[in-house]
Structure formats: C-alpha cells, structure tokens
Amino acid sequence: MANRRSCRRYRDENVDPAVIDSIISAMQNVPAGGNSQSVEYTVIDDKDRMRKIHDVAYTAMEEAAAQGRYTSSFDDFYYTKMKQSERSVRKGDMLFCGAPHLFVAHVKATGCWAADYAINCNLATAYFELLANAHGLGTVIMSYPSDVICELASDAREMLGIPSDHYMKLLVGFGYPEIPYARGTQKNHRKVHRWTEQTKGQLSLL
Ligand SMILES: Cc1cc2nc3c(=O)[nH]c(=O)nc-3n(C[C@H](O)[C@H](O)[C@H](O)COP(=O)(O)O)c2cc1C
C-alpha cells in the first residue's frame, strides 16, 4: 500500500500470462454486496490488441475535439491541459497513459441495487490495482478513457466487447513499469474525524 503509485511509463512488453491469471484468480475473493458476484472482467493482455483499441479511441477523441466536442467530464480548457501533459507525465498518450494492457470491471447495473452493482465494479478495480502492484506491475486507474469510450468512441467499446447496457467507469492500465521506484509518494492525508471530548467529532489533524 505504501509503495503504490500511478504508473504512466511502461515497458513495451506483454506481461507474463501466468501473473495475470494469478491476479484474476485471487479476484474471486473481492467482496460484493449481497455476494452477488455479477461483476464481469475484461482484460486486454496483448499489447498489439491494446494498440489497435488505443488508435480507434484516440482518433475518435481527436476528431471530436476538432469539432469542439468533448466528454462530459472535460471542456476545451481541460482537454488542452491533458494534451499538454503528453509532453510530460503522459508520454505522448493522454488517453491510456501508454499502458500496454487494460483491465475493466463492468456489470449490468439495473434495478434498485444498480448503485451497489456499480460500487462492486469500483471495488474490484481497486483490488485489481493493489494485486497488480503486489505482483510488481505498474498500474494507473483511469476515468477519462472510459468517458471517451462510452461517449465518443463506440467502435472502441465494441472492440472491448463490453455490452452497451453494462456500467463501466474506471479502467486500469497496467504493465511492466519502465521506471522502478524504491518507494511510493509521500502524502499527508490526515482528514480523520474522531470523536473525543475535545474535538466533538470535528475534523482534527492527527
Ligand atoms: C477515480 C479515478 C480516476 C482517475 N482518472 C485518471 C485518468 O483519467 N488519467 C490519469 O492519468 N490518471 C487518473 N487517475 C489517477 C490519479 O490521477 C492518481 O491516482 C492521483 O493523482 C494520485 O497519484 P498516485 O496514484 O500516484 O498516488 C485516476 C484516479 C482515480 C482514483
């Protein structure tokens, strides 16, 4: 946990399929509301296939932007900022951060438990990320490319084979990291509420 961080530079190499199988196998213990076990996983574990999906989604994104159309999460300002990030953190790929592989948790989320089903997906995403990190892989959780695929690039969604009535929101890009880091990022997130006679449940820096 202390060593996890988003990876946006990957080696141009397929991950050993045995490693991916081991992660997916461990995923059977991911919790789900009501133990529904309805979440489905799509794994793109071939970098050439990933490149094809990338190219279709990226072209659709750029064509839309040229007409002033963006995902609902972005506007001209944020799109331009992301484009600029291709020259720094996103190494020529603002969409998938250059990841050679993709993991997507998705589910048919309808009815009164639709929100729980969506949460199940996002939990699975978080577990996958940590498991992949534990196996020495680099990962990045991404919402932007999911928005592009769902809103601007239906062809890419078809290539992923994710049914149009399934909920999907977060993708995990993963692969062998180009840069091995000795430690994670140092953060100082201490927004913890604790009830004591002094704080009475107010936010206190612990
Ligand atoms: C819900 C969610 C959506 C994210 N979407 C993107 C994204 O579209 N592109 C991206 O490069 N990083 C994305 N990230 C990664 C965050 O930017 C990253 O986790 C955050 O900056 C903290 O950095 P760290 O993961 O290295 O600790 C996303 C993370 C989360 C949790």
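Where is the place of proline 31? Proline 31 sits in the loop between helix H1 (17-26) and strand S1 (40-44). The model is predicted.

**The shell around the ligand**
- The ligand is surrounded by 15 residues.
- The closest are Arg4, Ser6, Arg8, Ile141 and Lys187.
- By class, seven residues of the shell are nonpolar, five are charged and three are polar.

- The side chain of serine 6 has an N or O atom 2.6 Å from an oxygen atom of the ligand.
- Arginine 90 places a polar side-chain atom 3.0 Å from an oxygen atom of the ligand.
- Serine 143 uses its backbone: a polar atom there is 3.0 Å from a nitrogen atom of the ligand.

**Cover and contributing elements**
- The ligand taken alone exposes 620 Å², and the protein buries 63% of that.
- Strand S3 (138-142) and helix H5 (144-151) are the elements that give two or more residues to the shell around the ligand.
- Strand S3 gives the most, with three residues.

**Proline 31**
- Is proline 31 buried, partly exposed or exposed?
- Proline 31 counts as partly exposed because its relative accessible area is 38%, which falls between the 20% and 50% cut-offs.
- Leaving aside residues up to four places away in sequence, proline 31 touches Leu123 and Tyr127.
- Proline 31 and alanine 124 are 93 residues apart in sequence. In space, their C-alpha atoms are 8.0 Å apart.

Key. Residues numbered from 1 in each chain as written. Predicted model: local features only at pLDDT ≥ 70, side-chain atom pairs only at ≥ 80, totals over all residues. Heavy atoms only, no water. Near = heavy atom within 4 Å. Polar contact = N/O pair within 3.5 Å; in protein donor to acceptor, adjacent residues only side chain to side chain. Areas by Shrake-Rupley, 256 points an atom, 1.4 Å probe, with all protein chains shown as cover. Helix = DSSP H or I, 4+ residues; strand = E, 2+ residues; numbered from the N terminus. Nonpolar A, V, L, I, M, F, W, Y, C, P; charged D, E, K, R; others polar. Buried < 20%, exposed > 50% of the residue type's maximum accessible area, 1.4 Å probe, protein only. Contact = heavy atoms within 4.5 Å.
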